[in-house]
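Please keep the sequence and the structure in view while reading.

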Amino acid sequence: MVNNQRITDLIFKDLQETLTSSERVELDEWLKQNEHLRKYVEEFGIERLANARDVDAMKKILKNEDYRREYTEKLLLPGRTAFFNRPFFRIAASIIILLGCVTVGWLFGYGPNKAEKHTDSVASQDVAPGGDRAILTLSDGSQLLLDSAANGTLTQQGGTQVVKLADGQLAYNVSGESENTVLYNTMSTPRGGQYRITLPDGTKVWLNAASSIKYPTQFSGNERRVSVTGEVYLEVAKNSFIPFYVDAEEADIQVLGTSFNINAYKDEPVLKTTLLEGSLKVNSKKGSGLLTPGDEAVIRLKDAHFSINEAADLKKTVAWKNGEFSFEKASINDIMRQLSRWYDVEVEYKDVISGGFYASIKRSENISKILQLLSLTNKVDFLIEGKKITVTKHKEP
């Protein structure tokens, strides 16, 4: 029987990519024998679980309901004391909220029964995740449904071939001289859709659900300019002689060879432009700024207020592009807006739900998985009825 501290150490080393070959075999064998934990390790990630170094303190929190609730609530208060700001207790709160005391409970023998009883009541129905779906609107107004189109050349736009590649993404092959008339295409994803495209200049674009990008079939002149809505991630092809610009609602963005994410949904309170590599200049009605990697320009939509966050969470920002949901102390409203777009569901609130939620899960899972994870906090309950999700405050039976 392998002791709990040994397993914790192995998981931590796995995250640091320092496992030896024998330790890898040891960890894999243990996970094979613990089906529930293996499933959660795969689906929800193990970053916070691995940081639970103090086994005795964690077991005390897990097994004492009052103790757990008291410390969790105090840890989440903005004005918490220095005692509650100690690293272990911050980690413990993150684990408790993120995994609802279930994953860690399995690790230390707490058992899945309590979790199963709670999550069984989340939904009698379910909603499948979104997928690779998009519509291409050509310069003449005609439309192509990309998810059902066969691979190969789809159409010719002036001197450019529009091609659907074997991996499903769209690409443009410039095969002739530049046209005198600029032709524009628009790719748009529905709710429950996502798609990838390589623009005529080689720029790679990822579109999240309910998003769009408008672009010329050939870039000509002294600039490259596109316009976007919703959420888009771009890896811009470098060309120091022809700058790249992005129009996004309240922001005009000048790109200097870079990778960045734009979140410009109209139903979000702010427009965010987050820089991963290179540099960006972001202009708005009430301010502008030059971003360096790790910076995030934030434009408040109600009054166009402009600010720069110099400590953006890059992993969380691009989680969607990497096939994940990642929530860090997010409000239930923020979470449900993302879920509603990806699963194409309507959300109704019966109660006001306060507090922050932590969760990490693959976007390929059915919606019930993420709702079950959120409900384990004992703050909120969900009811699925067709394509409608009803959110209520959790009430003890």
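Two strands are said to pair if DSSP finds at least two bridges between them. By that criterion, strands β23 and β24 pair in the antiparallel sense over 6 bridges. The model is a predicted one, and it contains 12 helices and 24 strands.

**Overall make-up**

- Of the 397 residues in the protein, 47% are buried, and the accessible surface comes to about 18,900 Å², with 47% of that surface belonging to carbon and sulfur atoms.
- When contacts between residues at least 6 apart in sequence are considered, 53% of them join residues at least 24 apart.

- Within the antiparallel pair of β23 and β24, D381 has T392 of β24 as its bridge partner.

**Helices α11 and α12**

- The axes of α11 and α12 (residues 367–375) come within 11 Å and cross at roughly 170°; angles over 145 degrees count as roughly antiparallel, and the two helices are therefore roughly antiparallel to each other.
- On the α11 side, the contact is made by I332, I335, M336, L339 and Y343, and on the α12 side by I367, I370, L371 and L374.
- Helix α12 is largely enclosed by the rest of the structure, because 7 of its 9 residues are buried.
- The buried residues of α12 are I367, S368, I370, L371, L373, L374 and S375, and I367, I370, L371 and L374 also take part in the contact with α11.

- Strand β14 (residues 259–264) and strand β15 (residues 270–277) run antiparallel and are joined by 5 bridges; together they form a hairpin with 5 residues between them.
- Within this pairing, S259 has E277 in β15 as its bridge partner.
- β15 also pairs with strand β18 (residues 296–300), again in the antiparallel sense and over 5 bridges, and here V270 stands opposite R300 of β18.

**Salt bridges**

- R341 and D267 form a salt bridge in which the closest N and O atoms are 2.9 Å apart; the pair links distant parts of the chain, since R341 belongs to helix α11 (residues 332–343) while D267 sits in the loop between β14 and β15, 74 residues apart.
- The side chains of D334 and R337 meet in another salt bridge, at 2.4 Å from N to O, and both residues lie in helix α11, 3 residues apart, which is about one turn of the helix.
- In this pair, D334 counts as partly exposed at 31% relative accessibility, while R337, with a relative accessible area of 18%, is buried, because the cut-off for a buried residue is under 20%.
- D351 forms a salt bridge with K395, the closest N and O atoms being 3.7 Å apart; D351 lies in the loop between β21 (346–349) and β22 (357–362) and K395 in the segment after β24 (388–393), so this pair ties together parts that are 44 residues apart in sequence.
- At 25% relative accessibility D351 counts as partly exposed, and at 56% K395 counts as exposed.
- Through shared partners, salt bridges join D267, E268, D334, R337 and R341 into one network.

Methods
Residues are numbered from 1 along each chain as its sequence is written. This is a predicted model: local features need pLDDT of at least 70, side-chain atom pairs count only at pLDDT 80 or more; totals for chains, interfaces and linings use all residues. Side-chain values use heavy atoms; hydrogens and water are left out. Helices (H or I, at least four residues) and strands (E, at least two) are DSSP runs, numbered from the N terminus. Buried means under 20% relative accessible area, exposed over 50%, partly exposed in between (1.4 Å probe, protein chains only). Contact means heavy atoms within 4.5 Å. Accessible areas come from the Shrake-Rupley method with a 1.4 Å probe; for residues, only the protein chains shown count as cover. A salt bridge is a side-chain nitrogen of Lys or Arg within 4 Å of a carboxyl oxygen of Asp or Glu. Axes are lines fitted to C-alpha atoms, for helices over the stretch in contact, and angles run from 0 to 180 degrees between N-to-C directions. Angles under 35 degrees count as roughly parallel, over 145 as roughly antiparallel, 65 to 115 as roughly perpendicular and the rest as oblique.
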